[in-house]
Amino acid sequence: MDEYETPLLSKEPSSPPPPPSSASSSSSSVVASSLKWVLKVVMSVIFVTWVVFLLMYPGTLGDQVLTKWRAVSSHTLFGTTGSMFLIFSGPILVISVLASLYLIISGEEKVFTKEKISKFPRFRLWTFPVLVDGPFGVVSAAELLGILVFSVFFLWAIYAYTLRNLNLLQYFHVLPEEKSILLLEVTGLRFGMIGLLCMVFLFLPVSRGSILLRLIDIPFEHATRYHVWLGHITMAFFSLHGLCYVVGWAIQGQLLEQIFEWKAKGIANLPGVISLVAGLLMWVTSLHTVRKHYFELFFYTHQIYIVFVVFLALHVGDFLFSIVAGGIFIFMLDRFLRFCQSRRTVDVISAKSLPCGTLELVLSKPPNMRYNALSFIFLQVRELSWLQWHPFSVSSSPLDGNHHVAVLIKVLGGWTAKLRDQLSNLYEAENQDQLISPQSYPKITTCVEGPYGHESPYHLGYENLVLVAGGIGITPFFAILSDILHRKRDGKACLPSKVLVVWAIKNSDELSLLSAIDIPSICPFFSKKLNLEIHIYVTRQSEPRLEDGMVHKVVHPSIKPKRTNGCSMSVLVGTGDNIWSGLYLVVSTIGFIGMITLLDIFYINKYNITTWWYKGLLFVVCMVASVLIFGGLVVVFWHRWGHKYKTGESEPNGNNKVNLNIEEPHNPSAAELKGLDIEEDVQSYTNIRYGTRPDFREIFESLNGKWGSVDVGVIVCGPATLQTTVAKEIRSHSIWRSANHPLFHFNSHSFDL
C-alpha cells in the first residue's frame with residue numbers, strides 16, 4: 001500500500017504492521033465490509049422501489065398496485081390505515097433502521113483512502129457545479145438530476161390525473177354547468193394529492209441529526225435548501241388545491257357554509273382551511289426577502305408548523321395522513337432529541353473580543369462528543385432571549401482539545417450586539433470583583449444544540465485544497481487548518497500537502513481574526529510538512545493603516561465567567577453515538593407501531609370509531625406519545641450513560657463534573673518561538689493586497705501552472721455572490737477539468753446575525 005492509500009482516519013496511524021496472529025481481526029473486517037455491502041444493496045432496493053411506486057402512483061398502474069396492496073393487507077392486524085402507512089411511510093422507516101445498523105458497523109470514524117475516493121463517481125456528482133446562475137443558486141450534478149426527476153414527476157402527475165379526471169366524469173350524469181364544478185373540485189383533489197406526495201419528503205431535510213442525512217453525508221445546512229424547494233412546491237399545490245374548492249363553492253353559492261363544515265365522516269373542511277392558512281403564513285414569511293430583512297418574523301411564524309401538521313391530520317383523517325407520517329415521525333424524533341439536549345446549560349470556559357468586533361466563545365464539551373472540522377452549533381444565550389437560537393461555525397479542531405469547542409461570532413445584528421455588551425459587563429465585573437454582590441454579578445448562560453456537520457472529514461481526502469472565504473466565513477477554515485496542522489505534527493495520516501486560503505475582507509481591522517489560530521505554535525516547522533499560502537484581499541482600503549502591524553492584539557484579555565453548574569454540552573445529539581441514536585430510532589418506531597396496533601384492536605375496532613378527523617387526531621397522539629414514552633426512555637438511559645463516562649473533577653457532593661479550569665492553548669511569544677529556532681511567522685505565508693478583489697480566473701490559472709493535474713478540493717464559505725463567482729470559474733477552468741477528483745463545496749452556516 002502506497003502513502004496515498006493510508007487510511008486518513010485510522011485510530012493508530014503510527015502503529016507497526018499487524019502480526020500474522022491478527023488474522024481474526026482481518027476476518028472481522030471482511031465480515032463487517034460484507035454486512036455493509038448487503039445493507040447498502042437492501043437499502044438501495046427498498047429506496048428505488050419506493051420512489052418508483054411514488055412516481056407511478058398518479059397513473060392507472062400505480063392506482064392498481066395500491067388497490068391490490070390494500071386488498072391483501074387491509075384485512076391484517078393493521079387495517080386499511082396500516083396498509084397505507086406500510087406502503088407510503090414504512091419504507092423510509094425501514095431504511096432509517098437499516099441506516100442506523102450500517103453506521104454502527106462503520107464505527108465512529110470512517111476510513112478514507114485516495115484510491116477509495118477515485119472509485120466512487122457519486123463524489124463528483126454531489127460536488128460538481130452544473131448550474132451557477134438561476135433561482136436555485138449553485139446546483140451540483142446530483143441536485144440537477146433530482147430537480148429534473150421532480151419536474152418530470154409533476155408534469156406526469158398533472159397529465160395522468162387529468163386523464164383520470166376526464167374518464168371519471170363519464171360516470172356522472174349531471175348538467176354541463178354542474179360537470180364543470182365537479183371537474184374543478186376533482187382537479188383540486190388531485191392537486192392536494194400531489195402536495196401530499198411532495199410532503200412525504202418535506203420534513204426529511206430539516207431533521208438536523210437525522211440518520212438518513214448522516215447515511216448520505218449531507219449536512220443539515222445543505223439539506224435545508226431542499227426543504228426550501230420542497231416547501232415552495234408543496235404549498236403551491238396545496239394553494240391550488242384550496243383555490244379550486246373555493247372557486248367551486250363560490251360558484252355554487254355555498255362558500256361560507258362549506259368553509260366552516262366539519263364532517264364526522266369524510267373530509268373535514270374547516271381543519272383544512274386552518275391548515276392551509278397556517279401553511280400560507282409560513283410560506284410568505286419564508287420568502288428570501290422577508291427572511292433576510294425580518295428573520296425573527298420568519299423564525300417565529302415557522303413555529304406554527306405544529307398547527308399546519310395537526311390540522312392537516314384532522315382534515316384528511318388517519319387514512320391519508322399516513323402517507324406523510326413517516327417523514328414527520330423522523331422529524332419528531334429529531335426535534336425531541338434536540339429539545340432534550342438544549343435544556344442543559346453549558347459553561348463558557350472563556351470569552352474575548354477582537355478589534356474587528358468579533359467575539360470568541362470557548363464552550364465546555366464532554367470528551368466523548370465527536371465532531372468534524374466544518375461543523376456548526378446552534379447557540380442560545382438566556383440573558384438575551386429564551387427563544388432565539390443562532391447558528392455559528394465551529395472555529396476549533398477536534399484535535400485542539402477534548403474538553404472544549406470554540407466559535408467566532410461577528411457583531412452585526414441586534415442579538416450579537418447584546419452579546420457583546422453582556423461580555424463587556426462581565427469584563428468590567430471581573431475588574432470590580434470585590435465591589436459587586438453575587439446577586440448583581442453579570443452572567444452568561446448558554447445552551448447548545450449540535451454539533452452538526454459532515455459525517456466524514458472530506459477535506460482530508462485531497463492533496464490540494466483551495467479555501468475561499470468572505471469576511472467571517474473564514475471561521476470554519478481555522479478548524480480545517482488546525483485539523484491539518486495537528487495531524488501533520490502528530491504524524492497522523494493526512495493527504496493535504498498544499499493549501500491556498502483566499503480571504504476577501506472589507507477593512508483591515510478584520511485581520512485580527514487571524515489571532516484565533518496560531519499556526520507556528522500548533523505545528524513548529526510546518527513549512528516542511530505543509531505548503532500553506534494565505535492571500536488576503538482588503539477591498540475597501542487602498543493602503544494599510546499604521547496599526548495594521550498589531551492586528552493580533554485583542555481588545556480585552558480572555559474573560560472567564562463565574563462557574564455556574566459545571567456542565568458541558570449534552571451528548572444527546574443525533575450525530576453523536578451511533579448505537580444510542582440507532583436504539584432511540586428503533587425503540588420509538590416499534591413503540592409507535594405497537595401503540596397504533598393496540599389502539600385499533602382495543603378502541604377503534606371495538607367501539608366502531610368511524611369519525612375521520614378523530615382518528616387522524618388519535619394517529620398524531622400515538623406518534624407524539626411513542627416519541628415521548630419510548631424515545632424518552634432511551635434518552636434517559638443515554639443521558640445516564642453520558643454522565644457516567646463524562647470525565648472531570650469530582651465535586652465534594654459526589655457529582656462528576658467537568659473541570660472548568662482548562663488551560664487555554666499556549667500561544668508562544670516571539671521570543672519563545674525564536675528560542676525554538678522557528679523561522680515561520682505570519683508574514684512568511686501571508687500576502688495582503690489592498691484596494692482589490694480576488695481574480696479567481698488568475699488564481700486558478702496560477703494554480704494550474706504550479707499544481708498541474710492533481711487532486712483539487714475547493715471549499716467556499718461566504719455570501720451567495722462569492723459562491724457563484726467561484727463556481728463559474730471552477731466549472732470553466734482547466735484546473736477543474738484536469739483534476740482527478742474535483743470537489744466543490746460551499747458552506748452556508750457562517751451566518752451574520
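Analyst: Let us begin with a convention: Ala, Val, Leu, Ile, Met, Phe, Trp, Tyr, Cys and Pro count as nonpolar, Asp, Glu, Lys and Arg as charged, and the others, Gly among them, as polar. Please note also that this is a predicted model. In the second largest cavity, the lining divides into 3 nonpolar, 5 polar and 3 charged residues.

User: Which residues line the second largest cavity, and what is its volume?

Analyst: The volume of the second largest cavity is about 100 Å³. Its lining consists of Arg214, Arg370, Tyr371, Asn372, Ser375, Pro451, Tyr452, Gly453, His454, Glu455 and Thr575.

User: How many cavities does a search of the whole structure find, and what surrounds the largest cavity?

Analyst: The search finds 7 cavities of 30 Å³ or more. The largest cavity has a volume of about 160 Å³. Of its 13 lining residues, Gly209, Ser210, Ile211, Leu333 and Tyr584 are the closest to the centre. Helices H9 (211–216), H16 (325–342) and H20 (578–604) each supply at least two lining residues, and H16 gives the most, with 4. This lining comprises 7 nonpolar, 5 polar and 1 charged residues.

User: Which residues have the most contacts inside the largest nonpolar core?

Analyst: A nonpolar core is a set of buried residues joined through side-chain atoms within 4.5 Å. The largest one here has 117 residues, and Phe88 and Phe321 have the most contacts inside it. Both domain 1 and domain 2 contribute at least three residues to this core. A second, separate core of 42 residues includes Leu460, Tyr462, Ile480 and Ile536.

Notes
Residues numbered from 1 in each chain as written. Predicted model: local features only at pLDDT ≥ 70, side-chain atom pairs only at ≥ 80, totals over all residues. Heavy atoms only, no water. 1 Å grid on protein atoms, 1.4 Å probe; cavity = no way out; pocket = protein on both sides within 12 Å on 5 of 7 lines; lining within 4 Å. Points joined across faces, edges and corners; volume = space filled by probe spheres on them. Buried < 20%, exposed > 50% of the residue type's maximum accessible area, 1.4 Å probe, protein only. Domains from an automatic or database assignment.
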